[in-house]
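Subject: Structure handover and findings

Dear colleague,

Please find below the structure that I am handing over to you. My findings follow it, arranged by region.

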Amino acid sequence: MKQSILIVEDIHSIREAIMDLLSVKFNVFGAEHFEEAVWYLSNEKIDLTITDIRLPGKSGIDLVKLIQKEFPSVQYALMTAYNINEYIKYAKDLQIWNIIPKYSFLDIHLIEVMVEKLLSNDIFGIEKYFAKDFQVLDQNINSEFEEAPNNGIVYKQIKSDQDRSILCGKISKNLIQLGAPKAIQQVLEELTSNAMIRAPRTNEGEYKYQFEIPSHDMVVPLDNIQLMPEDYFLIGYGSTESTIFIVVRDQFGSLRKEEILHRLDRHISIDETTGFPKGLEDSHGRGLYICREISDQLIFNIKPGVCTETIAMINREGRTGFKSLSIYEV
């Protein structure tokens with residue numbers, strides 16, 4: 001039996017384009033405004049609602065609040081033509097994990113991937129974002145650096161801080177040659193540092209390779225880290241004709257979606273007394289914000305206690321516009 005999706009969008013052409021795309025695999029209904037959306041939610045079995053934030057009358061955020069209260073079994077996501085950073089606080093307060101920008105055909109495809117991930121709970125794998133001929137090379141994870149195929153990704157395993165330093169240097173050089181900005185090195189450093197230092201925890205939930213100073217919201221990593229085998233993690237890198245990407249996958253799933261939104265909000269929101277971001281002096285979280293600013297898309301896939309997969313994608317032809325908020329948890 002096909003699952004059902006409700007698209008709430010007041011611009012007819014956008015609504016019809018999304019409905020046409022999704023109707024191949026799903027039952028799809030369309031609504032122009034809040035009241036019509038409520039009618040469908042009340043009279044049809046809807047599995048997922050995707051709503052524009054700005055609607056005539058009551059907003060998409062009002063609709064999410066209603067869904068949370070009256071239709072708790074219905075999943076939801078937002079889309080907007082405006083800067084998604086303006087809605088991070090709403091996302092944090094209302095537990096909204098996915099907001100998609102709508103300004104090009106690329107984002108129509110992102111909506112398709114988002115829908116399939118949300119409704120199937122099959123969330124892992126960068127290959128979901130590309131065509132069927134995309135190659136995944138993960139048979140030689142313990143070998144030295146190698147260039148990725150022209151339309152695919154290669155994975156390598158990291159066992160120590162030394163491994164991480166050497167591999168990140170070679171990957172960044174390779175990706176810069178493919179057209180990535182020099183700041184790609186910073187994305188590599190941040191994402192692999194999180195996987196090596198922040199992800200590994202003991203059974204009691206304590207960090208393995210760093211120690212905390214809670215009074216200062218600070219963590220200090222150990223020197224010359226050699227990971228235990230159960231703490232090894234993977235880094236993937238590669239490109240397609242349109243996109244350069246990095247994937248980092250750990251074996252812990254200790255990153256929390258609430259923490260992601262909290263840290264992003266801290267670095268986006270301005271402290272009215274100082275005029276600076278509230279998180280300016282935070283000892284961590286800044287790297288997450290910077291990675292999102294450098295990347296065109298930063299996607300988090302989380303299975304608590306099992307795996308966190310972070311995907312950073314950069315468009316080879318330059319900035320495409322506003323970034324999505326993409327956090328999936330199963």
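At which residue does UniProt place the feature "modified residue: 4-aspartylphosphate"? The unreviewed UniProt entry places this feature at D52. Please bear in mind throughout that the model is predicted.

**The annotated aspartate and its surroundings**

D52 belongs to strand 3, which covers residues 48-52. Is D52 buried or exposed? Its relative accessible area is 5%, and because the limit for a buried residue is under 20%, D52 counts as buried. Beyond its neighbours within four places in sequence, D52 has contacts with V8, E9, D10, G60, M79, T80 and K102.

One of these contacts, D10, sits in the loop that joins strand 1 (4-8) to helix 1. D10 is partly exposed, at 30% relative accessibility, whereas D52 is buried. With neighbours within four places in sequence set aside, the contacts of D10 are R15, E32, D52, R54, L55 and P56. For the pair D10 and E32, 22 residues apart along the chain, the C-alpha separation is 4.3 Å.

K102, another contact of D52, is also touched by A81. A81 is located in the loop between strand 4 (75-80) and helix 4 (88-94), and its relative accessibility of 41% makes it partly exposed. Not counting residues up to four places away in sequence, A81 touches K102 and F322. The C-alpha atom of A81 is 9.0 Å from that of R54, a residue 27 places away along the chain. R54 is in turn among the contacts of D10.

**Helix 1**

Which residues of helix 1 (residues 12-22) are buried? They are R15, I18, M19 and L22. Viewed down the helix axis, these residues fall within an arc of 100 degrees, so they line one face of helix 1. An α-helix has 3.6 residues a turn, so residues three or four places apart point the same way. The other side of helix 1 carries the exposed residues H12, S13 and D20. R15, buried in helix 1, is also one of the residues in contact with D10.

**Helix 9**

Helix 9 spans residues 286-294, and its buried residues are G287, L288, C291, R292 and I294. Why do they count as lying on the same side of helix 9? The reason is that they cover an arc of only 165 degrees around the axis. The partners against which these buried residues pack are helix 7 (184-198), helix 8 (257-268), strand 12 (297-303), strand 13 (307-315) and strand 14 (325-329).

**The cavity**

How many cavities of 30 Å³ or more does the structure hold? There is 1 such cavity, and the space in the largest cavity is about 40 Å³. Its lining consists of I100, L110, Y129, Q297, I299, S324, S326 and Y328. Strand 12 and strand 14 each contribute at least two residues to this lining; both strands also pack against the buried residues of helix 9. By residue class, the lining of the largest cavity comprises 5 nonpolar, 3 polar and no charged residues.

**Backbone angles**

Most residues other than glycine have a negative phi. Q95, which is not a glycine, has a positive phi of about 55 degrees. Q95 lies in the loop between helix 4 and strand 5 (98-101) and is partly exposed, at 41% relative accessibility. N121, likewise a residue other than glycine, has a positive phi near 65 degrees. The position of N121 is in the loop between helix 5 (105-120) and strand 6 (135-137).

**Separations along the chain and in space**

Two further pairs may be of use for orientation. N43, in helix 2 (residues 34-43), is partly exposed at 44% relative accessibility. G205, in the loop between helix 7 and strand 8 (210-213), is partly exposed at 42% relative accessibility. Between G205 and S269, 64 residues apart in sequence, the C-alpha to C-alpha distance is 30 Å.

Yours sincerely,

A colleague

Key:
Residues numbered from 1 in each chain as written. Predicted model: local features only at pLDDT ≥ 70, side-chain atom pairs only at ≥ 80, totals over all residues. Heavy atoms only, no water. UniProt positions renumbered as here; feature names shortened; annotations may be inferred. Helix = DSSP H or I, 4+ residues; strand = E, 2+ residues; numbered from the N terminus. Buried < 20%, exposed > 50% of the residue type's maximum accessible area, 1.4 Å probe, protein only. Contact = heavy atoms within 4.5 Å. Arc of directions from axis to C-beta. 1 Å grid on protein atoms, 1.4 Å probe; cavity = no way out; pocket = protein on both sides within 12 Å on 5 of 7 lines; lining within 4 Å. Points joined across faces, edges and corners; volume = space filled by probe spheres on them. Nonpolar A, V, L, I, M, F, W, Y, C, P; charged D, E, K, R; others polar.
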